[in-house]
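Open the model in your viewer and keep the selection panel at hand. The stops below say what to select and what is found there.

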Amino acid sequence: MSFTSVVIDYGAGNLRSIERALAVAGLSPRVVSDPAAVGEPDLLVLPGQGHFGQVARAFRVSGFESAVRDHVAGGRRFLGICVGLQLLLDGSDEAPGEPGLGLLPGWVRRFPRGAAPVPQMGWNRLTKGTDFPLLTGVASGAYVYFANSYYADVDLEHRPAASATTEYAGVSFLSAFSLGNVHATQFHPEKSQTVGLRVLANLAAVTHGAAA
Amino acid sequence: MLARRIIPCLDVHAGRVTRGQQFGRAEFGELADVGDPVALAIAYNDQGADELVMYDITATSEGRGAILDVAARVAERCFMPLTVGGGVRALADMRALMLAGADKVSINSGAIADPELLTRAADQFGSQAVVLSIDVRARRPHSRASEPDAQADPTTAPRRAAGGWDVYAAGGRRATGLDMLAWAEQGEALGAGEIVLNSIDGDGMNTGYDLEALRALRAAVSVPVVASGGAGNAEDMRAALLTGVDAALAAGIFHRGEVSVAHVKRVCAAAGLPMREVAA
């Protein structure tokens, strides 16, 4: 049985790397810039780069928001990366007028000034939660690649059990989580060498399990 | 804690990696061919490099096609951050490089000619994708005694003690009249998300980075700072990182096989610097 994934192209950034990494993970990606062409893939991927407001607006204008909501409501797998994670929350200080999708209660905030260089640019450590299939085989403390000025601020009571946190600029932020069929990473698995490829392989495994 | 980064740099001319000294010029036959960029990129990926930087040092239309091809082939094989620069003067240049596989685009002379380019780039792609690359030479003071303020005010001592640094454009060919710290501060305010400081004096000379310039720049801006130009060994890279900058970039010592990325990381980690360990 073969599995398909669709990568959402909203007109910014490097999609070649995530497309290639998904292919290596066996997820047969297609890059789609027209929401009508999303279809019903096993996995829908939102690779976020750039500005929260720009991504959120592109969603609404292009019609990808309803495509994502329908996909998630249909119980199929979703992966949000970087701003694609942030967009799952209620909103962001980066563009307070643009609401997020509200799938996880929380707000996106800027790293405090003066504590460390911003953006966070480089390799930082994951601290794993207790049961997190996305990080199967990834050691707690493993390094993954980040490039972000804003982070997901989610209250402890709302943090999914399947999650990881990372410390930067004196903040402990939500760096990855799974909530039912919705998965998200603040880091870039497609840029995190073998650790990142393992995360995508794990996602392929849970997607496989769901479809089997 | 965020790891400090070790970054091999590939200067690409006509599809090959080259190496010179003090910004030597391809057209004068001053550059040595050191290898195939894709093969080198894969080797550095395997050594645990934290990022790769590639510069198109021809920046002609022919060179542009070559760098896009090289970037695409590297991105196909290496799942690591990739910064590409050289001759970027417009958003279209940046978009083409990012579609080819670059995560960050380095802008140098293009930003000096049109500083607002940094803002347009950050608005379009996010600050995390916009690297301001600055080429500098140390300004030689006539006499330090003529600058008594250097002792009086310790916060400005690094700037004064070294006489400051002048910014050059066009691959080091043209003085701009810009001061390094003023230009870096302006670049950050306009939208740059990282600054690479290239010492022209140190380029290819293996005499060590300009540590004074790095300290002064680190104190002046709040975005990540990358040291470039002068690495002669692992200890030079350690010295650069100990100034507080986020990353150290080197070319020749890696291309010639004098040191591996893994060795540099071990030397830095032994000094207490946070480095990403590399799987054996």
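Start by selecting residues 143-161 of chain B. In this predicted model, pLDDT (the predictor's confidence in each residue, from 0 to 100) stays under 50 over residues 143-161 of chain B. For that stretch the model has 16 contacts beyond four places in sequence, a contact being heavy atoms within 4.5 Å. Where pLDDT is low, the predicted coordinates should not be read in detail. Now select the whole of chain B: its mean pLDDT is 88, and 90% of its residues reach 70 or more. The model scores ipTM 0.93 and pTM 0.92.

Two notes on reading the model. Residues are numbered from 1 along each chain as its sequence is written, and chains are lettered from A and ligands numbered from 1 in the order in which they are written. Local features need pLDDT of at least 70, side-chain atom pairs count only at pLDDT 80 or more, totals for chains, interfaces and linings use all residues, and side-chain values use heavy atoms, with hydrogens and water left out.

Next, show both chains. Here 38 residues of chain B are in contact with 32 residues of chain A. The area buried between them (accessible area, 1.4 Å probe, lost on being put together, summed over both) is about 2,900 Å², and carbon and sulfur atoms give 53% of it.

Colour α2 (61-77), α3 (91-100) and α5 (116-125) of chain B: each supplies at least two residues of the side that touches chain A. Helices here are DSSP runs (H or I, at least four residues), numbered from the N terminus. α3(B) gives the most to that side, with four residues.

Finally, stay within chain A and select A:Arg60 and A:Glu98. They form a salt bridge, with the closest N and O atoms 3.3 Å apart. A:Arg60 lies in helix α2 (residues 52-62) and A:Glu98 in the loop between β5 (91-92) and β6 (107-110), so the pair ties together parts 38 residues apart in sequence. Strands are DSSP runs too (E, at least two residues).

Definitions and conventions: Buried area is the accessible area (1.4 Å probe) that two parts lose on being put together, summed over both. A salt bridge is a side-chain nitrogen of Lys or Arg within 4 Å of a carboxyl oxygen of Asp or Glu.
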